[in-house]
Amino acid sequence: MQIDMVTPPPRLPITFFNRYTDQIEQEEIYGESFLRWTYESRAGQIALALAAKRVWFSKWYGWRMDRPASRAKVLPFIETYRLDPNEFLDAPESFRSFNEFFYRKLKPSARPIDDNSDSIVFPADGRHLAIADVSLADGFWVKSQKMDLARLLGSRELADRYARGSMLISRLCPVDYHRFHFPVAGKAKETTMIPGSLSSVNPIALRKRLAILWENKRVLTEIDTAALGTVQMIEVGAACVGGIWQTFAAGDVPKGGDKGYFTFGGSMTMVLFEPGRIQFTQDLLHHSSQQRELYARMGDVAGHRAN
């Protein structure tokens, strides 16, 4: 058996700017050793092709997190990742499985929604990137990676419409609150599902291959608004995500209203705005220009309607 003696590349840390501490911090990656082995080794790449990005693997893992035995993981997870049970709508002991805990609801007071009529809020807790003009972006997570809007949206017509639009990407880690919400008020249409595989959306994976975003399973929702035109919201599935669940009814939706939730795994939402409609906050734009995500919570301000 031949052993590959090539020195592996250095393991770059995942850093982000925390809006609330005003510091650049290093991400605590759930399952980091397995994730790095999968995307940073030859053997891991083979395993990825055979199983990890396959839909059946994620469904199987999601099934495990639905089993009553998974309930034993809840309290250690809360302690390890220093989550605040005072934010939970239900007591930690009440969850019948890990997945019930994972897509838990929070008390409304835990995530106040900015009430400025001109503001756009983050749709989820997580680490966020903002692109003011998608056509001018020269890198997502690393330089030289371009977004393929036609494949992402499953439509060349939509891609042309938003080619110079603005994009907000919100990445949810396994340790985050996993419900997603409407970033704007408006009239939401029925969802469209685009089938695909389920690879990780952690930067470890996206640094290697941005195409994961338009190869993974996705759900699109169009939101017609009075002041921002038509907004496209996309939920992207990921490895070990058992499902993308919608809880809203088509029709009028409020800013910050509950839209749905992901079952177990890291996940992502993306929001597309028509050209010239939105001005993102300066801290979000600054860190995004450095290919560095900004951590902020659902309901906080991501930007405002452009004048």
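Start by selecting Arg297 and Tyr20: the arginine lies over the face of the tyrosine, 4.0 Å from the ring centre. (A charge sits over a ring if NZ of Lys or CZ of Arg is within 6 Å of the ring centre and within 35 degrees of the ring normal.) Next, pick Arg127 and Phe16, where the charged end of Arg127 sits over the ring, 5.0 Å from its centre.

A quick word on what you're looking at: this is a predicted model, where local features need pLDDT of at least 70 and side-chain atom pairs count only at pLDDT 80 or more, while totals for chains, interfaces and linings use all residues. Residues are numbered from 1 along each chain as its sequence is written, and side-chain values use heavy atoms, with hydrogens and water left out.

Now for the rings. Select Phe77, Tyr81, Phe88, Phe95, Phe98, Phe101 and Phe102, which ring pairs link into a cluster. (Rings of Phe, Tyr and Trp, the last by its six-membered ring, pair if their centres lie within 6.5 Å; planes under 30 degrees apart count as stacked, over 60 as edge-to-face and the rest as tilted.) The structure holds 14 aromatic pairs. Zoom in on Phe77 and Phe98, an edge-to-face pair with centres 5.2 Å apart and 80° between the planes.

How buried is Phe77? Its relative accessible area is 6%, so Phe77 is buried (under 20%; exposed is over 50%, partly exposed in between, with a 1.4 Å probe and protein chains only). Phe98 is buried too, at 1%.
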